[in-house]
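Here is a short report for a reader meeting this structure for the first time. Please keep the view open while reading.

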Amino acid sequence: LDNQMLEKEFTVAFINTNTIYALILLCGDEKDIKKAARTLEGILIMYQQQPFHSFIDSLYSILIIAYFCLQNFAKIDEHYKRYRRSTKGKIVNPENDLSLHGFYYASKWLDTSRKQYLKKLDGVLEATNPPNLRGTRDILLDVVEYFNIPISFSVEK
């Protein structure tokens with residue numbers, strides 16, 4: 001991660017390596033999760049002029065999950081809006097996009113208790129019905145169950 005040549009000569013690989021590192025940090029304690037968020041925010045600032053669109057959804061997904069773990073709902077909102085602006089509706093990886101939306105709507109419901117977010121979270125879960133999205137659905141259902149989010153979507157795991 002401190003390799004100057006990698007950072008300067010292979011910027012996209014450097015960004016990808018840091019994104020994977022941040023993902024691994026999510027498995028740690030609060031200090032590690034904060035480090036993951038700082039790492040990804042640093043990438044977004046340092047390389048905002050670099051074209052790394054194929055990694056943008058995974059970067060924002062990890063960042064939003066990090067802030068979800070920290071229950072920093074303001075940061076989730078901020079980065080969700082940035083994600084929407086930076087992708088302009090172009091989905092790179094549907095699984096990452098659905099995860100990102102699911103965590104965003106769950107955080108909005110936990111923050112505000114507004115029923116509109118339950119409906120939107122239901123819609124995201126409905127979109128995860130295809131077999132290739134089962135992992136995403138299971139993660140989101142675990143979040144729903146853990147936080148006792150009263151959604152109407154039901155499925156056997």
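## Confidence

This is a predicted model. The average pLDDT of the chain is 88. Of the residues, 87% score at least 70.

Confidence is not even along the chain. Helix H1, residues 4-9, has the lowest mean, at 62. Helix H6 has the highest, at 95.

## Salt bridges

Side chains of opposite charge can pair when their charged atoms come close. The whole structure holds five salt bridges. One of them joins Glu 30 to Lys 34, with the closest N and O atoms 3.3 Å apart. Both residues belong to helix H3, which spans residues 30-46. They sit four residues apart, about one turn of the helix. Lys 34 counts as partly exposed, because its relative accessibility is 38%.

A second example links two helices. Lys 75 forms a salt bridge with Glu 41, and their closest N and O atoms are 3.6 Å apart. Lys 75 lies in helix H5 (residues 73-87) and Glu 41 in helix H3, so the pair ties together parts that are 34 residues apart in sequence.

Glu 78 is partly exposed, with a relative accessibility of 37%. Together, Glu 41, Lys 75 and Glu 78 make up a network of salt bridges.

## Helix H8

Helix H8 runs over residues 134-146, 13 residues in all. From first C-alpha to last, H8 reaches 18 Å. That is close to the 18 Å expected at 1.5 Å a residue.

Which residues of H8 are buried? They are Thr 136, Arg 137, Leu 140, Leu 141, Val 143 and Val 144. These residues cover an arc of only 155° around the axis, so they lie on the same side of H8. The face turned away from that buried side carries the exposed residues Glu 145 and Tyr 146. Just after H8 comes Asn 148, with a positive phi of about 50°.

## Aromatic rings

A pair of aromatic rings is described by the distance of the centres and the angle of the planes. The count of aromatic pairs is seven. Among them is the pair of Phe 68 and Phe 103.

Phe 68 is buried, at 5% relative accessibility. Phe 103 is buried too, at 6%. Ring pairs also build a cluster from Phe 68, Phe 103, Tyr 146 and Phe 147. Tyr 146 in this cluster is one of the exposed residues of H8.

## Cysteines

How many disulfides does a search of the whole structure find? It finds zero. Cys 27 is in no disulfide, and the nearest cysteine sulfur, that of Cys 69, is 9.4 Å away.

Cys 27 counts as exposed, because its relative accessibility is 71%. Cys 69 is likewise in no disulfide, its nearest cysteine sulfur being that of Cys 27. Cys 69 is partly exposed, with a relative accessible area of 43%.

## Positive phi in the loops

Where does Gln 71 lie? Its place is the loop between H4 and H5. The phi of Gln 71 is near 55°, a positive value in a residue other than glycine. Gln 71 is partly exposed, at 46% relative accessibility.

Ser 113 is found in the loop between H6 and helix H7 (115-127). Ser 113 is not a glycine, yet its phi is positive, at about 60°.

Note on methods: Residues are numbered from 1 along each chain as its sequence is written. This is a predicted model: local features need pLDDT of at least 70, side-chain atom pairs count only at pLDDT 80 or more; totals for chains, interfaces and linings use all residues. Side-chain values use heavy atoms; hydrogens and water are left out. A salt bridge is a side-chain nitrogen of Lys or Arg within 4 Å of a carboxyl oxygen of Asp or Glu. Buried means under 20% relative accessible area, exposed over 50%, partly exposed in between (1.4 Å probe, protein chains only). The expected span of a helix is 1.5 Å times one less than its number of residues. The arc is that of the directions from the helix axis to the C-beta atoms. Rings of Phe, Tyr and Trp (its six-membered ring) pair if their centres lie within 6.5 Å; planes under 30 degrees apart count as stacked, over 60 as edge-to-face and the rest as tilted. pLDDT is the predictor's confidence in each residue, from 0 to 100. A disulfide is a pair of cysteine sulfur atoms within 2.5 Å.
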